[in-house]
Amino acid sequence: MTDVTGLLLKEAKKEIAARNSELLIQVKKEYSESVRKGYVIGQSVAANTTFQEGEIETIVLTVSKGSQKVVVPDVTGMLKEDAMKKIHKAGLKYKIAAYSQNDTVAFGAVIRQKPVEGEKAKKGSYVKIWVSLG
(Lines give C-alpha, C1' and ligand atoms only; values in the text may rest on other atoms or scores of the structure.)
Protein backbone atom coordinates (compact mmCIF):
# COMPACT_ATOMS: atom_id res chain seq x y z
CA MET A 1 0.00 0.00 0.00
CA THR A 2 1.24 3.44 -0.86
CA ASP A 3 1.26 6.37 1.57
CA VAL A 4 -1.37 8.89 0.52
CA THR A 5 -1.30 11.09 3.62
CA GLY A 6 -0.68 14.71 2.71
CA LEU A 7 -2.35 14.38 -0.69
CA LEU A 8 -5.60 16.01 -1.74
CA LEU A 9 -8.42 13.46 -1.57
CA LYS A 10 -8.82 13.44 -5.35
CA GLU A 11 -5.11 12.73 -5.84
CA ALA A 12 -5.14 10.04 -3.14
CA LYS A 13 -8.06 8.25 -4.81
CA LYS A 14 -6.25 8.29 -8.16
CA GLU A 15 -3.06 6.93 -6.56
CA ILE A 16 -4.92 4.08 -4.85
CA ALA A 17 -6.98 3.22 -7.94
CA ALA A 18 -3.84 3.10 -10.09
CA ARG A 19 -2.32 0.48 -7.77
CA ASN A 20 -5.45 -1.51 -6.90
CA SER A 21 -8.62 -0.83 -8.85
CA GLU A 22 -10.62 -3.37 -6.78
CA LEU A 23 -10.07 -1.55 -3.47
CA LEU A 24 -13.10 0.36 -2.20
CA ILE A 25 -12.37 3.77 -0.71
CA GLN A 26 -14.39 5.13 2.19
CA VAL A 27 -13.91 8.67 3.45
CA LYS A 28 -14.12 9.84 7.04
CA LYS A 29 -13.78 13.57 7.82
CA GLU A 30 -12.24 15.15 10.92
CA TYR A 31 -11.26 18.64 11.99
CA SER A 32 -7.54 19.37 11.94
CA GLU A 33 -5.74 22.43 13.21
CA SER A 34 -2.60 21.53 11.26
CA VAL A 35 -3.84 20.16 7.92
CA ARG A 36 -5.81 22.18 5.37
CA LYS A 37 -9.30 21.17 4.32
CA GLY A 38 -9.48 18.40 1.72
CA TYR A 39 -6.11 16.77 2.44
CA VAL A 40 -5.69 13.19 3.68
CA ILE A 41 -4.53 13.04 7.30
CA GLY A 42 -4.72 9.28 7.81
CA GLN A 43 -5.39 5.93 6.19
CA SER A 44 -6.63 2.62 7.62
CA VAL A 45 -4.05 0.52 5.76
CA ALA A 46 -0.53 1.52 6.70
CA ALA A 47 1.95 2.59 4.04
CA ASN A 48 4.16 -0.23 2.73
CA THR A 49 1.64 -2.89 3.80
CA THR A 50 1.60 -5.73 1.29
CA PHE A 51 -1.51 -7.80 0.69
CA GLN A 52 -2.91 -10.23 -1.84
CA GLU A 53 -5.68 -9.32 -4.28
CA GLY A 54 -9.00 -9.58 -2.39
CA GLU A 55 -7.36 -9.79 1.05
CA ILE A 56 -8.26 -6.16 1.84
CA GLU A 57 -11.45 -4.87 0.27
CA THR A 58 -11.75 -1.39 1.76
CA ILE A 59 -9.47 1.42 2.81
CA VAL A 60 -10.69 4.30 4.94
CA LEU A 61 -9.12 7.67 4.27
CA THR A 62 -9.39 10.32 6.97
CA VAL A 63 -9.67 13.74 5.35
CA SER A 64 -9.26 17.11 7.02
CA LYS A 65 -12.28 19.37 7.41
CA GLY A 66 -9.83 22.16 8.23
CA SER A 67 -9.94 24.12 11.46
CA GLN A 68 -13.06 23.86 13.52
CA LYS A 69 -15.14 27.04 13.48
CA VAL A 70 -17.22 28.30 16.38
CA VAL A 71 -19.85 31.01 16.59
CA VAL A 72 -18.68 34.16 18.36
CA PRO A 73 -20.98 35.01 21.29
CA ASP A 74 -22.26 38.50 22.07
CA VAL A 75 -20.42 39.89 25.10
CA THR A 76 -21.13 43.60 24.65
CA GLY A 77 -22.55 45.17 27.79
CA MET A 78 -21.31 42.31 29.98
CA LEU A 79 -18.81 42.82 32.77
CA LYS A 80 -15.30 41.93 31.65
CA GLU A 81 -15.07 38.81 33.88
CA ASP A 82 -18.41 37.43 32.62
CA ALA A 83 -17.44 38.21 29.02
CA MET A 84 -14.14 36.35 29.46
CA LYS A 85 -15.97 33.26 30.78
CA LYS A 86 -18.48 33.32 27.92
CA ILE A 87 -15.71 33.69 25.33
CA HIS A 88 -13.76 30.77 26.84
CA LYS A 89 -16.92 28.62 27.01
CA ALA A 90 -17.36 29.15 23.25
CA GLY A 91 -13.86 27.75 22.64
CA LEU A 92 -12.23 31.11 22.03
CA LYS A 93 -9.67 33.31 23.79
CA TYR A 94 -9.97 36.98 24.64
CA LYS A 95 -7.65 39.92 24.30
CA ILE A 96 -8.34 43.35 25.76
CA ALA A 97 -7.89 45.78 22.90
CA ALA A 98 -8.23 48.90 25.04
CA TYR A 99 -9.73 50.50 28.10
CA SER A 100 -11.56 53.71 27.30
CA GLN A 101 -13.84 56.34 28.78
CA ASN A 102 -17.51 55.84 27.99
CA ASP A 103 -20.45 57.75 29.45
CA THR A 104 -23.09 55.22 28.41
CA VAL A 105 -21.43 51.91 29.35
CA ALA A 106 -20.77 51.06 33.00
CA PHE A 107 -17.25 50.75 34.39
CA GLY A 108 -15.75 47.33 33.62
CA ALA A 109 -18.31 46.43 30.96
CA VAL A 110 -17.53 45.56 27.36
CA ILE A 111 -18.14 48.44 24.96
CA ARG A 112 -17.56 46.50 21.75
CA GLN A 113 -15.95 43.36 20.42
CA LYS A 114 -14.29 42.06 17.29
CA PRO A 115 -15.24 39.74 15.67
CA VAL A 116 -18.86 40.58 16.33
CA GLU A 117 -21.60 38.30 17.58
CA GLY A 118 -22.65 35.56 15.18
CA GLU A 119 -19.48 35.52 13.08
CA LYS A 120 -17.63 32.24 12.79
CA ALA A 121 -14.07 32.15 14.03
CA LYS A 122 -11.41 29.47 14.20
CA LYS A 123 -11.65 27.57 17.48
CA GLY A 124 -8.96 28.88 19.82
CA SER A 125 -8.66 32.26 18.09
CA TYR A 126 -9.02 35.62 19.83
CA VAL A 127 -11.98 37.91 20.41
CA LYS A 128 -10.82 41.48 21.06
CA ILE A 129 -12.83 43.40 23.63
CA TRP A 130 -12.91 47.09 24.50
CA VAL A 131 -13.65 47.73 28.16
CA SER A 132 -15.28 50.84 29.64
CA LEU A 133 -13.63 53.00 32.28
CA GLY A 134 -17.03 54.60 32.90
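**Helix α2 and its cover**

I looked up what covers the buried residues of α2 and found that the cover includes β5 (93-100), β6 (110-114) and β8 (126-132). Contact here means heavy atoms within 4.5 Å. Helices (H or I, at least four residues) and strands (E, at least two) are DSSP runs, numbered from the N terminus.

The model is predicted, so I noted its limits: local features need pLDDT of at least 70, side-chain atom pairs count only at pLDDT 80 or more, and totals for chains, interfaces and linings use all residues. Residues are numbered from 1 along each chain as its sequence is written, and side-chain values use heavy atoms, with hydrogens and water left out.

In α2 (residues 80-89), I listed K80, A83, M84 and I87 as buried. Seen down the axis of α2, these buried residues fall within an arc of 100°, so they line one face of the helix. The arc is that of the directions from the helix axis to the C-beta atoms. On the other side of α2, K85 and K89 are exposed. Buried means under 20% relative accessible area and exposed over 50%, with partly exposed in between (1.4 Å probe, protein chains only). Just after α2, G91 takes a positive phi of about 90°.

**Sheet β1-β3-β2**

I traced an open sheet of three strands in the order β1-β3-β2, with mixed pairing. Two strands pair if DSSP finds at least two bridges between them. The edge strands, each pairing on one side only, are β1 (24-30) and β2 (40-43). β2 and β3 (residues 58-64) run antiparallel and are joined by three bridges. V40 has V63 in β3 as its bridge partner.

Helix α1 (residues 9-19) lies across β1, β2 and β3, and runs at about 160° to β3. Axes are lines fitted to C-alpha atoms, for helices over the stretch in contact, and angles run from 0 to 180 degrees between N-to-C directions.

**Cores**

I found 12 residues in the largest nonpolar core, including L9, I16, V40, F51 and V63. Such a core is a set of buried Ala, Val, Leu, Ile, Met, Phe, Trp, Tyr and Cys residues joined through side-chain atoms within 4.5 Å. Apart from it lies another core, of 11 residues, among them V72, A83, A121 and I129.

Most residues other than glycine have a negative phi, and most peptide bonds are trans. I noted N48, in the loop between β2 and β3, with a positive phi of about 70°. The peptide bond from K114 to P115 is cis, with omega near 0°.
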